[in-house]
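These notebook entries record what I looked up in the structure shown below. I proceed from one element to the next and give each term its cut-offs where I use it.

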Amino acid sequence: MKLTYKTIELDLEFPFRISRGEKFVSKTIITQLEHTYNGQTYFGFGEAVFSEFYGENEDSVSKAYKHIIKDGILQNIDLFNEQELQRRIGSFGGNYAAKAGLNIALYDLRAKVLGLPLYKFLGSDKTKAPQSSYTIGIADKETIVQKVKTALDRNYKILKVKLGSSEDLEMLKTIRSLAPQATIRVDANAAWTYDEAIELIDEIKSLDIEFVEEPLKLDSSEEAYEKLFHKSPIPLMADESCKRLADIEKCSKYFHMVNFKLTKTGGISETLRMIHAARALDLRIMLGCFTETNISISAMASLSPLVDYADLDGSLLLSNDPYQNQLFQGNQICLSDKLGLGIDLPSII
Ligand SMILES: [Mg+2]
């Protein structure tokens, strides 16, 4: 099995600001696995969406892949021996974005070999795919108005609003007045102290907010998390607090919902395990993303019928996604019956 990869630069339609900072362009690493099965050659595509916040960057992903190629980790491998694939990919520590880039490509490859779209290979029912939200980053009032109008013009009915600035309440009131029918969720990206969180959550409860994502600063005490969990009139969702399987049990004590992303989980295999664990603990589940192309968005979209919510607008926020596959009608996820991820290109590197 041959691994190749390349970095591409993604342009954002609007500058994107959250409580931790602002960006205008984003880089991502695209992976391709080439494999001959029963005499026929197949290509599987993946994506490593690295994030400095989670300790990964272009260099660390590239180093991990060089190591895999140099040490022949993917040589003489049985494509359908999941246990062995997991052992080999797991043999390089950490590097969850890099692992996701490989894991997604392996799933794409296996589904293509079997002649199935990925959602069928995963056993999900495409008629159960949820609608995705569209993210409104932190911005001045004029930009917010423009973004909300763009979202409504495109028939997006669920807005996810980034909070964590001094204008939070005013920004949300503006958005609610522009979009009285929309479902609105908010995400503080771990910006608030307990006192700031409970005060703002009390102020916004009359604005019909569906849930609040990661309200507290990550160094908050367990007492603060527990108190907010019991006092908040709006359900709380874990994102930065919930990276992998081992985090879920703790999250079930302080949150009502969890948000999984391929960058954090290391791929489809771990995300599937996390979905089962979260279900067992009665947590509601959202699948989320960073700014990323339709390769990794399609991977999560294929899992989306298994969960409650989707925040898979990463490619909708781009102005130059090279991998088009008509995944959305408005904000409804529409899974195609093309093979694998549904990216209809023979080879991409
Ligand atoms: Mg979040």
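**Entry 1: a helix on a sheet.** I began with helix α3 (residues 96-113), which lies across β1, β2 and β3. I read its direction as about 145 degrees to β3. Axes here are lines fitted to C-alpha atoms, for helices over the stretch in contact, and angles run from 0 to 180 degrees between N-to-C directions. Contact means heavy atoms within 4.5 Å. Helices (H or I, at least four residues) and strands (E, at least two) are DSSP runs, numbered from the N terminus.

I noted that this is a predicted model, in which local features need pLDDT of at least 70 and side-chain atom pairs count only at pLDDT 80 or more, while totals for chains, interfaces and linings use all residues. Residues are numbered from 1 along each chain as its sequence is written, and side-chain values use heavy atoms, with hydrogens and water left out.

Entry 2: I found an open sheet of three strands in the order β1-β2-β3, with antiparallel pairing. Its edge strands are β1 (2-18) and β3 (40-48), each pairing on one side only. The twist from one strand to the next averages 20 degrees. Two strands count as paired if DSSP finds at least two bridges between them. I looked up β2 (residues 21-37) and β3, and found nine bridges joining them. Within this pair, Ile30 stands opposite Glu47 in β3.

Entry 3: I then traced an open sheet of eight strands with parallel pairing, in the order β4-β5-β6-β7-β8-β9-β10-β11. The edges are β4 (134-136) and β11 (309-310), and each pairs on one side only. β6 and β7 are parallel and share three bridges, with Val186 opposite Val212 in β7. β7 and β8 (residues 236-238) are parallel over two bridges, and there Val212 stands opposite Leu236 in β8. Further along, β9 (residues 257-260) pairs with β10 (residues 284-287) over four bridges; Asn259 has Met286 in β10 as its bridge partner.

**Entry 4: crossovers.** I recorded a right-handed β-α-β unit made by β6, α7 (residues 194-204) and β7. Another right-handed unit consists of β7, α8 (residues 222-231) and β8. Right-handed means that, with the strands pointing away from the viewer, the path from the first strand over the helix to the second runs clockwise.

**Entry 5: the magnesium ion.** Which residues coordinate the magnesium ion? I found Asp187 (OD), Glu213 (OE) and Asp239 (OD), at 2.1 to 2.3 Å. Donors are N, O and S atoms within 2.8 Å of the metal (3.2 Å for Na, K and Ca); water is not among the atoms, so sites may look incomplete. Along the chain the donors follow the spacing D-x25-E-x25-D. Asp187 lies in β6 (residues 183-187) and Glu213 in β7 (residues 209-213), so the pair ties together parts 26 residues apart in sequence.

**Entry 6: burial.** Are Asp187 and Glu213 buried or exposed? I found both buried, a term for under 20% relative accessible area, with exposed over 50% and partly exposed in between (1.4 Å probe, protein chains only). Four of the five residues of β7 are buried, so β7 is largely enclosed by the rest of the structure. Helix α12 (residues 294-303) has ten of its ten residues buried, including Ile297 and Met300.

**Entry 7: domains.** The domain assignment gives domain 1 (2-116) and domain 2 (121-333); such bounds come from an automatic or database assignment. Their centres, taken over C-alpha atoms, are 24 Å apart. I noted 39 residues of domain 1 in contact with 46 residues of domain 2.
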